[in-house]
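Subject: Structure for you to look at

Hello,

Here is the structure I said I would pass on. My notes on it follow below.

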Protein chains: 2
Amino acid sequence: MSDSAVQVAIVGMGTVGSGVARVLLQHPERIARRAGRPVRLKRAVVRDLEKLRGVDVPAGVLTTDVAEVVKDRDVQVAIHLIGGIHPAREILLDLLESGKDVVTANKALLCEHGEELFARAKSLGRTIAFEAAVAGGIPIIAAVGQCMAANQITAISAILNGTTNYILTQMIRENRTYAEALKSAQQLGYAEADPTFDVDGTDAAQKLVILTQLAFGVRVPLEAFPRRGIDRLELADARYAAELGYTVKLLAVSKLVGGQLEMHVLPTLVRHHTPLAEVHGAFNAISLTGDVVGETWYSGSGAGQLPTASAVLGDLIDTVVGRARLTFQHLEIWNDTPPFALQPNDKVVSRYYLRFHVEDRPGVLADITAILGRNQISIASVIQHEATQPASAGNGHAIVPLVIMTHRTTEGHLQSAETELRKLSSVKQPSVRMPVAD
Amino acid sequence: MSDSAVQVAIVGMGTVGSGVARVLLQHPERIARRAGRPVRLKRAVVRDLEKLRGVDVPAGVLTTDVAEVVKDRDVQVAIHLIGGIHPAREILLDLLESGKDVVTANKALLCEHGEELFARAKSLGRTIAFEAAVAGGIPIIAAVGQCMAANQITAISAILNGTTNYILTQMIRENRTYAEALKSAQQLGYAEADPTFDVDGTDAAQKLVILTQLAFGVRVPLEAFPRRGIDRLELADARYAAELGYTVKLLAVSKLVGGQLEMHVLPTLVRHHTPLAEVHGAFNAISLTGDVVGETWYSGSGAGQLPTASAVLGDLIDTVVGRARLTFQHLEIWNDTPPFALQPNDKVVSRYYLRFHVEDRPGVLADITAILGRNQISIASVIQHEATQPASAGNGHAIVPLVIMTHRTTEGHLQSAETELRKLSSVKQPSVRMPVAD
C-alpha cells in the first residue's frame, strides 16, 4: 500500500454527500485498504456552513466556494453530487478541466449532456465514474459496462424508480389511491416535496437513457421514446389488472427487436409471480439479458443516502485504484454511427390492456369489438361488471367501465383503432391503455 | 485500439471451453472492441484431437500437449478450464510460472489451493481471474471484490448449485421423489452421471469458501463448517415444510454474527414468497448484504456452457484491458491474521424444523416436549396427522411422523436435546432436522 494519501473533495453535501463523508470519516482504514492508499477528505462544498448534516466534518474542510476545490491542485478526485443541469454541468466541466477525475450521481446531467461530458473527459485524459447515477446500490453500470463485456445486451427491463414502486405497492396492496400513496411516500421521505420527475417517469427515463447508451451504444434523447408516469394511474385499473392476474409496474424497457431498438417507460401490466411483479416497496430491480449469458437479475435499494453512497464510494475506490480509468476508456459510448436505430413507434408489437368508459346499452360491445377486429386487434379477454353505482351519460344510459386485454398487435393498429373508437358516441374519454410485459 | 493481437490459449476444451472458443471465433470484432485490441485464439488443448466439439477451431490451434501452451511465449493469457485438483493445480502453476495471466473456472481448485495459487500469482506479478468459478453468469465476484468495496459485507445467503435447485423444484412442485428428480436432471443435462459433488453440498460449499475468502478475508477449510446436501432429503419433509408455509432450498450461508463468522451449507426452510423461495429450476441466486449498501440481490444461470463462457470471457477482457490486474492486487485475500473467527458451532442460533418418527401412544408428545423445554427450546408449531398407513413399531404401536418447528435456539441446546431424545424408546431413528432461514 502507498503511504501518500489521495485527496478528494465532495461537491454538494446533501443527503448522499453527507453519507459519503460519513463513511469516509468513519472507516478510513477500510477505504485505504481497498483503495491501496489512504483517502483524505480535503474539501466539502456546502451551500450553508451553518446547516448540520449529521456528520462531523473536520475543521477547515467545509467551504461554500466550489472554486476552492477547482483551483486546489492537490484534490485529485472530485465527488460531484450537485443535482439538476445548471450549474452542475459547468461545475463538472471545471472539475475535469482542472485535472480532476470525477465521480457523479447526477443522472439528469448525464442523460442530457453525457455525450459532451464524456467526450471532454476523454479528450482531457480524465475519468467520469457514474455507478451511483443509475439504480443506487445495484452495481448495474459495472454489470453492463464491464461484467457482460462478452455479450451483446439484448434486453433491459427494469424498475428504476423506487418512489413510484413504493406508491404502486401501496395502491395495489393497501388499496390506497394515488394521492394517498404519494402522501405516505412523502411522509416516509421516499418522495420529495415536488415529486414530479419521479411520478411522471422522467427519472426512470433518464436512467434508461444512460443504460441504453452503455448497453447498446446508442444515444437516445429523452423525447424520442414513449414515456408516461404513474401520476394518472387510477386505482380501478390496478384492480382490474389484478383480476386479470397482473400487477402494474412502471417499467423501463430497452430491447433489440429485429435489429432495432425498442424503448419506453410506461406503466405496464406484469404477470403475478414473475420476478418484476414481486419487487415491492421502494426498491429497484433490473432484468438484463445478454446473447451469451442469457437473463440475469439484479435488485436492491435504488436510492437513499447509504445505498447511493456505497455506489459513489465504490467508484471512488475504482478511481483511486485505476480501474475506473480503464473502464471509462473502454466503454462503448463513443460511436459516431449508432449501431442500432430506434424502432418506429407504430411498429412496436405488444399486448395491451385497454379500459373504456362506455354507455351501458345494446350494441356497444359489438361496435367496439368490430373496430378492434377491423384493425387486426384480437381480443384475449374482456371484463365488464354490472355497475353498482354507475355514472350517467346524461342520455338515460349509465356509464360503465369495459376492460379488454388484447393479443399481440402493433402500436400502429392500436392507434388506428383508437382514432375510430373516439368517434363512437357510446365511448367516453379518457380511455386507458397500458402495455403488457412479455 | 491497438492493432497487435493478444494471443490466448484455452486449456481444456470441455463444454465451457468449447463455448468460450465459439464466442471468440464468432464475435472477434465485438471482443476486440471491448478489449481494446484483437484477441486471437492461438492454442486450444484437448484430450482427443478427433472428438467433435460443436465449434470449428482453425487448423493448427488444437493440441493435446499442454506443454505447447506453457512454453509458448506468445500466449499471454491462459484460459484454464481443467476440472479437479490434479493435474489442474500443477498446470495452473506452470502457466503462471511461464509468465501468463490465468482465467479459471475451477472452484474446487481455488477452494482447496487458492491460498497457494493466489500467493504464487502475486509473487510472480501475474493475475488469476475467477468470476466463472462461482455462480456462472452472475457477476458475484465483481460485486463482492469490487463494486461493494466501500462495504464490510455482513451476510451472504445463496443458492449456489443449480442442479440441486432443479431437483428441489421438481420434488416440491412436481411431487417427485429425490431419485425421480435426479433422473430428470440427468436426462436434461443438469446433473452429471456422477452427481455426488452437486447433491452432497460439496460444490456449493466450495463456492461459499471462495466467496467467504473474498467477502470476509477469512480462509475457511471445507471441513470446518456444517455441510449437508439434498441426497437424503425425503419428499415428506418438503411436504410438511410446504404445510408450514416454507419451501426447502440448499442454502449456502456466510454471515457475521456478533463479530464472528457463521457459515454452513444445509437444506434450509425458506418462507414462501421471499426472493430465495421463488428461485425455481437450475438457477443460482445470491443475497449479498453490506453495512453501507444494505441488501442486494443477484440471480441468473449458475452453470451451463454459455453463461459460464460469458463469465470467462468477461474475465479475459478484464485481463487484456488491465483491470483484472488491478482488481487482483487489491483483493482482500492476503490476510495473515483472519479478521474474523468462525463462530463455534454450538453457539449458532437458529429456528429449526424437526421431524421425528414416534410411537403413536399416550405420553410421547409430552416426553418429547419436556426434553425440548429442559433444553431451552421453545416450540413454535407442531404437526401430527392421523396416520393413514402407519408403519409399525413391532410392539403393537404404530409409528407416525411428528413435526416440530422451534423458536430460536442454539445448536448446542438442540444437540443436548437430541442426545436425550435418542434415549427415548418411543422415538425411532433417524430423525430429521433443518434450519429455518431468518
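**A serine in chain B**

B:Ser157 sits in strand E7 of chain B, which covers residues 153-159. Please keep in mind that this is a predicted model. Is B:Ser157 buried or exposed? B:Ser157 counts as buried because 23 other C-beta atoms lie within 10 Å, and the cut-off for a buried residue is 20 or more. Once neighbours within four places in sequence are set aside, the contacts of B:Ser157 are B:Leu251, B:Val253, B:Leu276, B:Ser287 and B:Ala437. B:Ser254 lies 97 residues away from B:Ser157 in sequence, yet their C-alpha atoms are 6.6 Å apart.

**The parallel sheet of chain B**

Chain B has an open sheet of six strands, paired in parallel and ordered E3-E2-E1-E4-E5-E6. Strand E3 (62-63) and strand E6 (128-129) of chain B are at the edges; each has a single partner strand, so one side of each has no neighbour in the sheet. Strand E5 (residues 101-104) of chain B runs parallel to E6(B), and two bridges join them. B:Val102 has B:Ile128 in E6(B) as its bridge partner.

**Chain A as a whole**

Chain A contains 15 helices and 17 strands. Its C-alpha trace spans about 85 × 45 × 35 Å along the principal axes. Among contacts in chain A with a separation of 6 or more, 76% are between residues 24 or more positions apart.

The domain assignment divides chain A into domain 1 (6-133), domain 2 (161-301) and domain 3 (345-436). The centres of domain 1 and domain 2 of chain A, taken over C-alpha atoms, are 29 Å apart. Seven residues of domain 1 of chain A touch seven residues of domain 2 of chain A. On the domain 1 side, these are four nonpolar, one polar and two charged residues.

**A hairpin in chain A**

Strand E8 (residues 246-257) of chain A pairs with E9(A) in the antiparallel sense, over 12 bridges. Two residues separate the strands of this hairpin, and A:Gly258 in the turn has a positive phi of about 55°. Across the pair, A:Ala252 stands opposite A:Val265 in E9(A). Strand E9 (residues 260-271) of chain A is mostly covered, with 10 of its 12 residues buried.

**Where the two chains meet**

How many residues does each chain give to the contact? Chain A gives 43 residues and chain B gives 44 residues. On the chain A side, the elements that supply two or more residues are helix H2 (28-35), helix H6 (140-147), strand E11 (294-301), helix H12 (305-321) and helix H13 (323-330). By class, that side of chain A has 21 nonpolar, 15 polar and seven charged residues.

E11(A) also pairs across the contact: five bridges join E11(A) to strand E11 (residues 294-301) of chain B, and the two run antiparallel. In this pairing A:Thr296 is opposite B:Gly300 in E11(B).

Regards

How values were computed. Residues are numbered from 1 along each chain as its sequence is written. Chains are lettered from A and ligands numbered from 1 in the order in which they are written. This is a predicted model: local features need pLDDT of at least 70, side-chain atom pairs count only at pLDDT 80 or more; totals for chains, interfaces and linings use all residues. Helices (H or I, at least four residues) and strands (E, at least two) are DSSP runs, numbered from the N terminus. Two strands pair if DSSP finds at least two bridges between them. Two residues are in contact if their C-beta atoms, placed from the backbone, lie within 7 Å. Ala, Val, Leu, Ile, Met, Phe, Trp, Tyr, Cys and Pro count as nonpolar, Asp, Glu, Lys and Arg as charged, and the others, Gly among them, as polar. Domain bounds come from an automatic or database domain assignment.
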